Amino acid sequence: MAINDLVNQIPVREKLLSAPLTPLSEVRLLGSKCSSCGEVSLGEVSSCQNCAGESLTTVPLSVRGTLWTFTVIRNKPPGDFKGQVPMGEGLVELPDGIRVKSPLGGDVERYQIGMELKFVAYPLYVNENGQEVIAFRFDPV
């Protein structure tokens, strides 16, 4: 892996995706697990959202989940929206004990609550510095 591969790709949000960002098939969504109460939070966080404990461990989250609920967005949101419409957005329940709000891939007409989904890291856009911004979504299995 060339050093340029690492410099030319950045996560959509810091401390959310595992590094390195190549190959994309090996990138994982990260979470923080509290040592005190076992609560899992999205991304690397410094204190537990449940008990305010400060002893947390960064853990890779599951790559499979279940669609808990969803909506279909048919009109382009205002501002500098980088995606395409129609698009799905859903709450994905992971076996790690967390629900993650996420864009959904695949045909919006085929979404069903309870369907199995898989995590996908993908390039969202290229920023003004020429860096590929890596985002995530969940696609139907």
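The cut-offs are under 20% relative accessible area for buried, over 50% for exposed, and partly exposed in between, with a 1.4 Å probe and protein chains only.

Before going on, a word on the source. This is a predicted model, where local features need pLDDT of at least 70, side-chain atom pairs count only at pLDDT 80 or more, and totals for chains, interfaces and linings use all residues. Residues are numbered from 1 along each chain as its sequence is written, and side-chain values use heavy atoms, with hydrogens and water left out.

Back to the cysteines. What is the count of disulfides? It comes to 0, where a disulfide is a pair of cysteine sulfur atoms within 2.5 Å. Cys48 is in no disulfide, and its nearest cysteine sulfur, in Cys37, is 3.6 Å away. For Cys51, the closest cysteine sulfur belongs to Cys34 at 3.7 Å, which is too far for a bond. Is Cys48 buried or exposed? At 5% relative accessibility, Cys48 counts as buried.

Next, Val12. This residue sits in the loop between strand S1 (9-11) and strand S2 (30-34). Val12 has 42% relative accessibility, so it counts as partly exposed. Leaving aside residues up to four places away in sequence, Val12 touches Leu124, Val133, Ile134 and Ala135; contact here means heavy atoms within 4.5 Å. Val12 and Cys48 are 36 residues apart in sequence, and their C-alpha atoms are 23 Å apart in space.

Now the whole chain. The protein chain has 1 helix and 9 strands, and along the sequence the pattern is α-β-β-β-β-β-β-β-β-β. The radius of gyration is 16 Å, close to the 14 Å from the globule rule for 141 residues, so the chain is as compact as a globular protein of that length. Helices (H or I, at least four residues) and strands (E, at least two) are DSSP runs numbered from the N terminus. The radius of gyration is taken over C-alpha atoms, and the globule rule is 2.2 Å times the number of residues to the power 0.38.

The C-alpha atoms fill a box of roughly 40 × 40 × 30 Å along the principal axes. Of the 141 residues, 34% count as buried. Among contacts with a separation of 6 or more, 48% are between residues 24 or more positions apart.
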